[in-house]
Amino acid sequence: MTSNLARYPLGAAVTLEELDADPHGPLAALREREPVSWVPVLDGWLVTRRDLCIQVMRDAGTFTVDDPRFSTAQVVGPSMLSLDGETHRRHRDPFAEALRGTELRDRLAQRVAQGARRLVAAFAPSGAAEIRRDLAGPLAVNVVADALDLLDVAPGTVLGWYDEIVAAVDRVSVGGEIGPGARSAVDALASHVSETILQDRGVLAEAAQTLADPEVVSNAAVMMFGGIETSEGMTTSVFWHLLTNPDGMAAVRADRSLGATAIEESLRLEPAAGRVDRYATVDTELAGAAIRKGDLVIVSLTAANRDPATFPDPDRFDLARPNARSHVAFAQGPHACIGSHLARLETQAALDAALDGWPGMHLADGATPPTGVVFRKPKSLPVRWDV
Ligand code: HEM
């Protein structure tokens, strides 16, 4: 890739530290001058212009997820996240169906709102909480556990499996072993999935009509994988954006319907999953870059969402932005997030519950801005309110 280094000097200068801490400046420079750039620290092409990002995500024939390097599939088996074409649709359809807007409102909306109010009420008398660990994280686990409708499993158990699987995916992605902890987590999940299917319950039983049991298990794992860390980040980040924009917070307190816009603006500025990865199936060209078959092509959702061609004054948190919903935080194309309705419902529930239950909520010492190379969120967001 020596020639790439000469041709893509801006990409060569990008460091993991800046991608983690504050990537927006370097991403803006790339978008303007090298919108498809070879970035050595990522060992792949980084796509930063919104139209090109959408082009890659919509063209699964040229840019696929189906590659042996994809670490999630190594741990949980093939699933909708790691397949393309007809097989992908077969894996995805039953789960996507269960998470459509109307199905969700009937089945889950009330439970999600109650769950958020319960978490907020538990802290109300103390006058202090940490948004990520005390509200956003536990709510995300409860919601995914509810959405899967697993037989007799406490959210804490689901979280335990999730932690083991995530740790194994991290290990495998740097050449390590899956390990016994993750294997037994997948086995435990598999046995609960089988019992739930036997009882003919919910989305898993529905999925078992068109998928083999191991396929239902891997997709159930991917639902956890897709829904826990991302939703935690999405919820925590909207609190960050409102708590650091007093005018925005005042506007939302005065008119709660603005909460939905605040959520979209927050997703735009800090998408909880900052990037999605694809692999080129053929030699191809994208905005002048000569991509070779097998190359990793990284779509920066973080960069796409601040493209000034679509979002004027892109770094500003603006509750009056008419097209805030045109962000690509939930991706596009065949792998577009199937949990987006549920995630919005969940974040809205958390925001409403906290605004009602924690009067005068404000930031406390120790709050940190969103960080992370892939999953971005404030790692700590302590708040206080009037008791
Ligand atoms: C309850 C919450 C959620 C659930 C159950 C969920 C589930 C999923 C699943 C199963 C997929 C794979 C779809 C496929 O490959 O066909 C997916 C994709 C995706 N989700 Fe979600 N998700 C949730 C929340 C979120 C949130 C909060 C975000 C970010 C703000 C997010 C961002 C994405 C993105 C970017 C993809 C595309 C991945 C790719 O193209 O490689 N999701 N989600």
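**View 1. Charges of the chain.** In this predicted model, the mean positions of the 37 positive and 52 negative charges of the chain lie 3 Å apart. Lys and Arg count as positive and Asp and Glu as negative, while His and the chain ends are not counted; each charge is placed at NZ of Lys, CZ of Arg, CG of Asp or CD of Glu. Local features need pLDDT of at least 70 and side-chain atom pairs pLDDT 80 or more, whereas totals for chains, interfaces and linings use all residues. Residues are numbered from 1 along each chain as its sequence is written, and side-chain values use heavy atoms, without hydrogens and water.

**View 2. The whole chain.** The C-alpha trace spans about 60 × 55 × 35 Å along its principal axes. Of the 387 residues of the chain, 55% count as buried (under 20% relative accessible area, with a 1.4 Å probe and protein chains only). Among contacts (heavy atoms within 4.5 Å) with a separation of 6 or more, 71% join residues 24 or more positions apart.

**View 3. Helix H14.** Because 12 of its 15 residues are buried, H14 is largely enclosed by the rest of the structure; the buried residues include Glu215, Val222, Phe225 and Gly227.

Methods. Buried < 20%, exposed > 50% of the residue type's maximum accessible area, 1.4 Å probe, protein only. Helix = DSSP H or I, 4+ residues; strand = E, 2+ residues; numbered from the N terminus.
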